[in-house]
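I opened this entry to keep track of what I looked up in the model. The notes follow the order in which I checked things.

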Amino acid sequence: MSVDQSSWEAAVRHLFEDAYPYDATGPRRHEDWVLDVLALMARAVPDPRGWSGLDDPAQAPEGEGVPTYPFAVRPPEYIGQRLREIDRASAENLLLALTDDCCTLSNLKRFTESEEELRAMARTILERYGDQATYHTNVNRPGPVPGTLDFTTSHWGYSPLSDVYSEDCGLIVVSDTEVGMFWNFSDY
C-alpha cells in the first residue's frame with residue numbers, strides 16, 4: 001500500500017503541530033546515508049516528491065543566516081555514533097512520543113483521537129518509506145530486545161545533535177531513495 005501526499009502531510013501536521021518540530025525528507029544520494037542526513041540538517045535538499053514537512057526552527061530569529069540551526073555542525077562520524085537502529089514498532093512509538101516534550105507516550109493524552117487513530121497516522125508517515133526502510137534514533141530507551149525502545153520506563157536519555165536546546169530527540173527513516181528526519185526540540 002502506498003501513501004498519498006495529502007494523507008502523509010495531514011498526518012505529519014496533525015501529530016507534530018504542537019511540538020517544536022523539524023520534519024523533512026530528502027533524497028538518498030549516498031551509500032553512507034548519514035551524509036544525506038547532514039544535507040537535511042543544513043536544509044540543502046528539497047523533498048524529492050515536493051511534499052511539505054514542518055520546520056518551526058527555521059522561523060527562529062536566532063537561526064537567521066545559519067542554515068543548520070538548531071543542529072550543531074558536526075562531521076558524519078559524530079552524527080553516526082549518536083544514532084542506533086531500532087525496529088519498525090519502536091519507530092512508530094517514537095513518532096508518537098515526539099509529538100511533545102519529554103519523548104513519552106503520555107503525550108497522546110492531549111489528542112482527541114484514540115490511540116489507534118494516532119497509531120494509524122504514525123503508520124501513514126512511515127509507509128512513505130516502504131517496508132524495507134531502516135529506522136534510527138538518538139534516543140536511548142533500550143527495550144528488552146536489542147533494537148527496541150521501551151516507553152514504559154522513566155529512565156531515558158538521548159545523544160544531542162543540537163547545542164541550542166536542552167532536549168532534542170528524533171527519528172531518521174532511511175529507504176533506498178529517501179531519508180526522512182522527524183525531530184523535536186524543547187527547553188526546560
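I started from L94 and listed its contacts, leaving out residues up to four places away in sequence. In this predicted model, L94 touches I86, C103, T137, V139, L149, F151, G170 and L171.

Next I looked up the core around it. The largest nonpolar core has 33 residues, and L94 is one of the five that touch the most other members, along with F16, I125, L171 and F182. For context, nonpolar side chains in soluble globular proteins tend to be buried together.

I went back to α4 to see how far it is covered. Eight of its ten residues are buried, so α4 is largely enclosed by the rest of the structure. The buried ones are S90, A91, E92, N93, L94, L95, L96 and A97. I noted that E92 and N93 are on that list.

Then the overall layout. I counted five helices and eight strands in the chain. Read along the sequence, the order is α-β-α-β-α-β-α-α-β-β-β-β-β. Among contacts between residues at least 6 apart in sequence, 69% join residues at least 24 apart.

The C-alpha trace spans about 40 × 35 × 35 Å along its principal axes. How does the radius of gyration sit against that of a compact globule? For 188 residues a compact globule would have a value near 16 Å, and the chain has 15 Å, which agrees.

Of the 188 residues, 50% count as buried. The chain exposes about 8,800 Å², and carbon and sulfur atoms supply 50% of that area.

On charge, I found 15 positive and 32 negative side chains. The centres of the two sets lie 2 Å apart.

Which peptide bond is cis? The bond from Y69 to P70 is, with omega near 5°. P70 is in the loop between β2 (54–55) and α3 (76–81).

Two residues other than glycine have a positive phi in my notes. R43 has phi near 55° and lies in the loop between α2 (34–41) and β2. R43 counts as partly exposed because its relative accessibility is 26%, and buried would require under 20%. C102 has phi of about 75° and is in the loop between α4 and α5. At 32% relative accessibility, C102 also counts as partly exposed.

Last, I looked at Y78, which is in helix α3. Is Y78 buried or partly exposed? Its relative accessibility is 22%, so Y78 counts as partly exposed; the cut-off for buried is under 20%. I also took the separation of Y78 from A44, which is 34 residues away along the chain. Their C-alpha atoms are separated by 19 Å.

Key:
Residues are numbered from 1 along each chain as its sequence is written. This is a predicted model: local features need pLDDT of at least 70, side-chain atom pairs count only at pLDDT 80 or more; totals for chains, interfaces and linings use all residues. Side-chain values use heavy atoms; hydrogens and water are left out. Helices (H or I, at least four residues) and strands (E, at least two) are DSSP runs, numbered from the N terminus. The radius of gyration is taken over C-alpha atoms; the globule rule is 2.2 Å times the number of residues to the power 0.38. Buried means under 20% relative accessible area, exposed over 50%, partly exposed in between (1.4 Å probe, protein chains only). Contact means heavy atoms within 4.5 Å. Accessible areas come from the Shrake-Rupley method with a 1.4 Å probe; for residues, only the protein chains shown count as cover. Lys and Arg count as positive and Asp and Glu as negative; His and the chain ends are not counted. The place of a charge is taken as NZ of Lys, CZ of Arg, CG of Asp or CD of Glu. A nonpolar core is a set of buried Ala, Val, Leu, Ile, Met, Phe, Trp, Tyr and Cys residues joined through side-chain atoms within 4.5 Å.
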